[in-house]
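Morning, everyone. Please have the structure open on your screens. I'll go through rings, then a pocket, then charges.

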Amino acid sequence: MYDILLVDFSRRLCGELQQILLRSKAQYTIANCVFSSPEALTALSQRDFSLVMVHTERFDTAGLWLCNDIRKKSQIPILLMGGRDHFRFVRKALTYQVNDYLPYPVSPSSLLNSLHGLRSHLETDPAHKTSSFFKTPVQLNGKPMHSSHVIRIVKDYVREHLGDEITLKKISDMLHFNCAYLGQKFKLEEKMSFNDYMLEQRMEKAQQLLSSTNLRIYEIAVEVGYKDIDWFYKKFKTYAGSSPNAYRRQKIHSA
């Protein structure tokens with residue numbers, strides 16, 4: 001059984017998460033629930049936990065500082081939930097070596113997938129002692145970061161900024177990472193290049209807009225980041241096998 005320390009700044013999530021874990025019959029239980037950073041640090045000093053879950057809601061700064069304080073003393077896995085400014089919040093969380101992040105509201109499947117993804121950290125020591133959890137992360141510009149979480153942030157940024165001019169160089173600069181290294185890690189983990197992923201996301205979004213809205217083709221092109229309408233037509237036809245107009249007509253007739 002893996003004991004979880006839940007730090008719930010909202011003071012309302014403990015019961016909900018405990019029920020999710022009970023219904024799932026997983027090997028996780030909320031062993032203690034506290035509502036502030038001092039209480040969390042005290043709890044960690046008094047007993048051993050397998051991991052810490054921090055729900056920030058409207059208390060982003062307090063939650064991030066708590067992660068920072070924990071990291072000064074322990075490599076215990078940290079699962080962070082919430083955050084209003086998603087991209088900047090998670091980027092800051094990475095600097096504190098947060099192991100995973102879930103936006104709120106948290107679905108049961110997302111929570112369980114995240115916990116299962118942390119099993120490699122939880123099983124590094126059979127006694128599951130707080131002070132024993134350490135897994136060497138990848139090094140990016142001399143900073144310890146877990147590559148899978150960096151790639152998640154890159155993907156989130158692409159999906160949230162499809163209408164903008166996106167380059168891997170721009171994202172790597174924002175995250176203070178090496179661009180070439182980030183591109184290599186992205187291809188290794190996603191089995192496709194960053195540019196191919198960006199094209200896929202833009203074309204999937206374009207298809208969704210063509211089939212579910214009355215937006216004009218040039219409006220959809222702009223929505224997914226193409227200012228040159230001819231270039232959008234060419235990329236879409238190569239990707240979907242038909243022109244945007246033909247794709248829309250097909251979807252209307254098959255509806």
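Start with the rings. A search of the whole structure turns up seven aromatic pairs. Keep in mind that this is a predicted model.

Where do Phe186 and Tyr197 lie in the chain? Phe186 is in helix α9, residues 179–190, and Tyr197 is in helix α10, residues 194–212. The two residues are eleven apart. Now, buried or exposed? Buried means under 20% relative accessible area. Phe186 has 1%, so Phe186 is buried. Tyr197 has 4%, so Tyr197 is buried too.

There is also an aromatic cluster. Its members are Tyr226, Phe232, Tyr233, Phe236 and Tyr247. Look at Tyr226 in that cluster. The charged end of Arg202 sits over the Tyr226 ring, 5.6 Å from its centre. Elsewhere, the charged end of Arg47 sits over the ring of Phe49. That distance to the ring centre is 4.6 Å.

Next, the pocket. What kinds of residue make up the lining? Four are nonpolar, two are polar and five are charged.

That brings us to charges. Side chains of opposite charge can pair when their charged atoms come close. The count here is five salt bridges. I'll show you some of them.

First up, Asp69 and Lys72. Their closest N and O atoms are 3.9 Å apart. The salt-bridge cut-off is within 4 Å, so this pair counts. Both residues lie in helix α3, residues 60–73. They are three residues apart, about one turn of the helix. Asp69 is partly exposed at 24%, whereas Lys72 is exposed at 63%.

Now Glu190 and Lys155. Here the closest N and O atoms are 3.3 Å apart. This pair links distant parts of the chain, 35 residues apart. Glu190 is in helix α9, and Lys155 is in helix α7, residues 147–160. Glu190 is partly exposed, at 24% relative accessible area.

Stay in helix α7 for Arg159 and Asp156. They form a salt bridge with closest N and O atoms 2.4 Å apart. Again, the spacing is three residues, about one turn of the helix. Arg159 is partly exposed at 41%, but Asp156 is buried at 12%.

Note on methods:
Residues numbered from 1 in each chain as written. Predicted model: local features only at pLDDT ≥ 70, side-chain atom pairs only at ≥ 80, totals over all residues. Heavy atoms only, no water. Phe/Tyr/Trp six-rings, centres within 6.5 Å; stacked < 30°, edge-to-face > 60°. Helix = DSSP H or I, 4+ residues; strand = E, 2+ residues; numbered from the N terminus. Buried < 20%, exposed > 50% of the residue type's maximum accessible area, 1.4 Å probe, protein only. Lys NZ or Arg CZ within 6 Å of the ring centre and 35° of its normal. Nonpolar A, V, L, I, M, F, W, Y, C, P; charged D, E, K, R; others polar. Salt bridge = Lys/Arg side-chain N within 4 Å of Asp/Glu carboxyl O.
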